[in-house]
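Work through the exercises below with the sequence and the coordinates side by side, and try each task before reading its solution.

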Amino acid sequence: MNGNKKHSPVVNIGSSLLLVIFLVLCLVTFATLSLSSARSDYGFSSRLAERKTDYYRASSQAETILDQIDTVLAEAYKNARGTYYSTVEKKLSALTPVVDTDDVVLEVNISAKKPSVSYQVPVNDKQFLSVVLELLPADEEDGFYRVTQWKVVSQAEWNGDNTLKLIK
């Protein structure tokens, strides 16, 4: 009786199938995590590139305005030695910056103890590039001005009240 029955070899198919399924799940999980990380990095890089592009565009416009101010100061230095500051104030107040945007704010403050020129160039909807130049006396050999501020400033006011009520 035992000779008539065929005995199939004992092969444990279930454990190898479970191992293959586990490996496929691991590969799918790692591929999903890798794709998610790549998408996150791409989004971050895109936002960073946009911010850098906006800053360098604003910086380029600020440099253009600085060049125009430098030209006005050089002309005032050549033409009006005795009335340097009044000539500078008149010419800079009439200066219309030639840049791509109309949102540039130019302020001339000659009456102060340290005469200065300041202007702001928008970087994006929430920030602007603030530049402050301290005008040097006309007989200075160091140039016509000194840059005292060149920084990005936020337009929105920061509200630091982020307290949590833990106990009522």
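**Exercise 1.** Determine whether E134 is buried or exposed, and then find its salt-bridge partner.

*Solution.* With a relative accessibility of 16%, E134 counts as buried, where buried means under 20% relative accessible area, exposed over 50%, and partly exposed in between (1.4 Å probe, protein chains only). Next, E134 forms a salt bridge with R146, their closest N and O atoms being 3.5 Å apart; the term requires a side-chain nitrogen of Lys or Arg within 4 Å of a carboxyl oxygen of Asp or Glu. Because E134 lies in strand β3 and R146 in strand β4, the pair ties together parts that are twelve residues apart in sequence. R146, for its part, is partly exposed, at 41% relative accessible area.

The model is predicted, so local features need pLDDT of at least 70 and side-chain atom pairs count only at pLDDT 80 or more, while totals for chains, interfaces and linings use all residues. Residues are numbered from 1 along each chain as its sequence is written, and side-chain values use heavy atoms, with hydrogens and water left out.

**Exercise 2.** Compare the span of helix α1 with its expected value, and state which elements its buried residues pack against.

*Solution.* Helix α1 covers residues 13-79 and reaches 98 Å from its first C-alpha to its last, close to the 99 Å expected at 1.5 Å a residue. Its buried residues include D54, A58, I65 and A76, and the buried residues of α1 pack against α2 (84-93), β1 (105-109), β2 (116-122), β3 (127-135) and β4 (145-154), contact meaning heavy atoms within 4.5 Å.

Key:
Helices (H or I, at least four residues) and strands (E, at least two) are DSSP runs, numbered from the N terminus. The expected span of a helix is 1.5 Å times one less than its number of residues.
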